[in-house]
Amino acid sequence: MTEKPLMILDQHFRQLEELFGPETFDALSGLCRIEGGRNWPMDPARVDGLIDEAAFYVAAFPELSAGQIGRAKKLRAVMEVAGAINEGLAYDACFDRGVEVLSCAPGFRQSVAEMTLAMALAGGRGLVREHEAFRSGAERWLDDRPETDFTLYGATVGYIGFGQIARECARLMAPFAPEVLVFDPFLREAGPGVELCDLETLVARARVVVMAAVPSEETRNLLNADLVGKLREGALVIVISRAWCVDFPALVAAAEAGRITLATDVFPGEPLRRDDPLRKASNVILSPHRAAAVPGGRQLIGEMVLHDVQAILDGRTERQMKLANREQVASLVAAQKSIRS
């Protein structure tokens, strides 16, 4: 009987049950001999002792030196399950050795897209505003609010970045038959019913602007103060990727001035200070970085890990996780380092 390949599973800070449903974990255990898989961090010395024999290294924050990768002759893939490419891994050594580096970022697409849709509906229909007005007896019964409210049916929705989360958002919003605009310099075409355009055109035309760009050195402050000033009156801006990608103070100021509504799941500093004036700002919808925080909301990640492990063992090339490449990884790492600091 052929011995199962070894998987080092050091998923903490993620909980095992957060990532893997029972059937998925059983199937993964059928493919690999798993070391780790506990809801506390693995001792780095244990990882070092196992790496020579490991075929797969799955971790929230993978940390391997060039020397360790050089020793890991059986290593096929490093899979991160935090959601971003972080420092700590000798990426060039992986690329030189042909070790795949895979990110779980696409595994958030369902839960985050669902939250984006919820924010679009709540923002467009003034749900949060009227809820708060009820508390002070100032609700407006049977009253249209054309200065702020709108329907998603036929609305112009613009996506800044059109990766898997944004594409899933577009799929969920398709029944509303919106006009879809996309700014994404990495794309030459985005599929039927989608108009690629420059960023100035997008902010001038879109009633809903979804910031879904991946944080990198190139996307820092992508929606800058000048572009915020060019947003159409009454626009709803949804920040669902990272505050890194927007001029956050400019967006808050535009919301306070009544020009736009801001809905955000992320902030420049987290958690938000108890005395931060944003907590009392007008025309904002605030969510404490929990777009993916729903029971089962991250278990797609475990399914993707299982799929890609099976594909690698079968010699198939398709991957559900996102394959990192040498040209982009330094920019992604630098952005995450700055965000954390």
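**Note on the predicted model**

1. Thr219 is buried, at a relative accessible area of 11%. Buried means under 20% relative accessible area, exposed over 50%, and partly exposed in between, with a 1.4 Å probe and protein chains only. Thr219 sits in the loop between β9 (208–211) and α10 (225–228). Leaving out residues up to four places away in sequence, Thr219 touches Ala213, Val214, Trp244 and Cys245. Contact here means heavy atoms within 4.5 Å.

2. Basis of the values. This is a predicted model, in which local features need pLDDT of at least 70 and side-chain atom pairs count only at pLDDT 80 or more, while totals for chains, interfaces and linings use all residues. Residues are numbered from 1 along each chain as its sequence is written, and side-chain values use heavy atoms, with hydrogens and water left out.

3. The open sheet. Six strands build it in the order β2-β1-β3-β4-β5-β13, with mixed pairing. β2 (33–36) and β13 (322–323) are the edge strands; each has a single partner strand, so one side of each lacks a neighbour in the sheet. Strands are DSSP runs of E with at least two residues, helices are runs of H or I with at least four, and both are numbered from the N terminus. Two strands pair if DSSP finds at least two bridges between them.

4. Inside that sheet. β1 (residues 6–10) and β2 run parallel, joined by four bridges. Met7 stands opposite Ile34 in β2. Helix α12 (residues 299–314) packs on the sheet and touches β1, β3 (54–59), β4 (77–80) and β5 (100–103). The direction of α12 makes about 170° with that of β4. Axes are lines fitted to C-alpha atoms, for helices over the stretch in contact; angles run from 0 to 180 degrees between N-to-C directions.

5. The β6/β7 pair. β6 (residues 156–160) pairs with β7 in the parallel sense, over five bridges. Val157 has Val180 in β7 as its bridge partner. β7 (residues 179–183) is mostly covered, with four of its five residues buried.

6. The second largest pocket. Its volume is about 270 Å³. Of its 15 lining residues, the closest to the centre are Val128, Arg129, Asn283, Val284 and Ile285. A pocket is an open set of points on a 1 Å grid over the protein atoms alone, where a 1.4 Å probe fits, with protein on both sides within 12 Å along at least five of seven lines; lining residues have an atom within 4 Å of a point. α7 gives the largest share of the lining, four residues.

Methods
Points joined across faces, edges and corners; volume = space filled by probe spheres on them.
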